[in-house]
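Biologist: Please take a close look at one helix pair in this model. I would like the geometry first, then the residues that meet.

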Amino acid sequence: MSTSLRLYGHSQPQVIYTDNVSDKSFLESSFPSLLLGVTPVDPYNNLPLFSIPQDVHIVECKISLEIQNAVLSLVHALAQSPKEQIAVGFDCEWNVSLRKGESPGKTAIIQLAFNDVINICYVSQFTQNGSLPNFLSAFLSNDSVLKVGRNVTSDLQRLEKETGSKHKFTGAVELAKIAKSRRMVHNAKPGLSELCAVVLGQYLSKNPSIQISEEWENPDLTDQQLQYAAKDAWAALQIYQKLSAIPAAGDVPTDAPPGFSVSIWQDDKACLIAHGEIAPFDRTIPASQVRGCNVTPTRTVVRVTEVLVSGAILTLHQGCALGDLGSPPFDIVCSYSLLETRYISEMHDPVSTTGSNNIQTQGSLMDVHHTTQGDITSASSHSDENAIADVDSEALVEIADAPLPSSEPTSLDAPEVDPHSEKRCEEVMEQFASAELPQYLHSRVLKDIWHLMDMVRVPRAHGLQTAFARALRDAILIPDKDDRQKLSHHLACIGLSWDYMLHHNPKWLWKRCKRVIPPPNELMSLVKEVYSTYGPLKDAKTGVPLFNDVAWEATKNVLKVIQQGLVSDPPGVPLYYAYGTDKDGLTLYRCARGTNSTEGGVHRPIQALMPKSGASPRHAHMALLDFTLKHNLQVGTYNRTGQYFSAHFDIWTINHLQSLIEKARLICGKPVSSHYSLLKVQTRFSINHNDDLWSLLFNLKTSD
């Protein structure tokens, strides 16, 4: 699409709406224009801020003697260590210039964190001369001193190269690799800030203006620089100590007893597909089978207790999909080579508490379960889900803009509060209590607002469903002040009011009034207020709260999306355009926000083009091409002119007619009258592809 837009001279997209924000990276890589002026939001800034305890001392070592004393204290600790090994939080900083063509400076400081001391060693005076003191080189070459951190290997290699050391600087321990071996992260790519969030459950701020600076070689660092440098080393040490307490996943012994916890890999070991335990099985029985699969010395029987990838193919079971075996628990045969020891950890999971993915903290943090509408019916809840079903997809949007009967209550009338739901509300809101977001463009890939509203499912028959839907709509979509004032004046002149139309015919308003979605900070406050007000309230008849446990979990996902700036309108991008006026002279608007035009204008009509069964790929492809042509002609004409397309859809005939008209213009030596525009010609004449120019000219002259 990006190539086609450039090919035909169209501009690249300024913003894209999607019902699945996990497509964000793909869309941004496909359309670089979506990255212009964007400053992403740190996904972990809602967590408690990482800080250095008051009893931990930050010591500046500016001269050689001070650095030597710091190193000697670590060597002394190594000598007293019963393991003959110590771990030191390690990091380096150097000057970075943003000017084109300038290389980064040499290492300016080295941070060493151990016990209750963080040493900030000023080494610029040495690296600039291409050498380090012997005692510091010996320390860096000692592999009994583990230098733990992120990208420590490259930092040591950098120092080794800068100083021309004859000895290799060793002892590097990469935290990301350890976290991966503990199944804390998917790969070894996460940075220190992400590791701090995943392992410690705390937010390590990485201020770019401090990190990327030309002031690290200054003889005196600022307090902000000292705190930044010290936190990096201290965080590295704390992460290492936490990870060290978790056993690494390992091979499953062939004599593992029943009940031994295991994880199951896909055949290519690309991802984990299930969790379970070794099942009781009598190996003394010859030619034993489970589900038609032989149990051999290289295989064992696993009782699956949790399915991670339901579509995973089980090669040993005739290519059966894991999800086809029913709900866990069930037994399958697995090769020992695809099993690993599973340890149940209690690591912090920042994504599961606030993110769009529901990642269970029990077990591996790689066990990702996307929260979907289909999961709601199977999840546990505080209320009786058998008595009251959830709403259908997009129902909240339809309910919010539907006219209300005169008997519909417009106030809450002091309904009763459910204590359990109220407690869950407090827990959720507490997680976002300190979420402050700066005012800049966060993303040009945005969550479709109508799908966002339906992320929280509420009981269909609840008496407050309509009031909640409308309150949520009005919290997210704020009417333009000028448009509202103009419409209010017009309605007052005919004996009506804004509130009356909002109650009885809101769709009339939205055709004539632009709406905006406020910045993340303001939007977060408004949506939290709606959730807090309505969520714990009971239905007057059933006593069921509007939000059950599942709904409160979904609110975390909604608030996280808002916090990441994936909902608010991007500044400077026009989302409305006028296409005409009504009989009263009021401007009519069309809105480009969201995916509703795609859902209702494309997805559903396409279904009608397909047979119920037996459609070949060629049939489907041709049907899509036919639909695309008709859709573009109809929508394009209406968007440009405000009138419906009334001609035929044979684009080849249209092009042929246009070509004949141009030939006629050249032969006649004068422009063809506007009376014979392309649209009129194609509707007044029936011309096939064999008609020649003279037939067209005769028809033109005759009708003239």
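Modeller: Helix α13 (residues 419-431) packs against helix α20 (residues 549-563) at an angle of about 20 degrees, and their axes are 10 Å apart. Helices here are DSSP runs (H or I, at least four residues), numbered from the N terminus, and strands are E runs of at least two. Axes are lines fitted to C-alpha atoms, for helices over the stretch in contact; angles run from 0 to 180 degrees between N-to-C directions. α13 and α20 are therefore roughly parallel to each other (angles under 35 degrees). Their crossing is right-handed: the near helix is turned clockwise from the far one by less than a right angle.

This is a predicted model; local features need pLDDT of at least 70, side-chain atom pairs count only at pLDDT 80 or more, and totals for chains, interfaces and linings use all residues. Residues are numbered from 1 along each chain as its sequence is written, and side-chain values use heavy atoms, with hydrogens and water left out.

Now the contact, meaning heavy atoms within 4.5 Å. From α13 come His420, Ser421, Arg424, Cys425, Val428, Met429 and Gln431. They meet Asp549, Trp552, Glu553, Thr555, Lys556 and Leu559 in α20. By class, this contact has five nonpolar, four polar and four charged residues. Nonpolar covers Ala, Val, Leu, Ile, Met, Phe, Trp, Tyr, Cys and Pro; charged covers Asp, Glu, Lys and Arg; the others, Gly among them, are polar.

Technical notes
Parallel < 35°, antiparallel > 145°, perpendicular 65-115°, else oblique.
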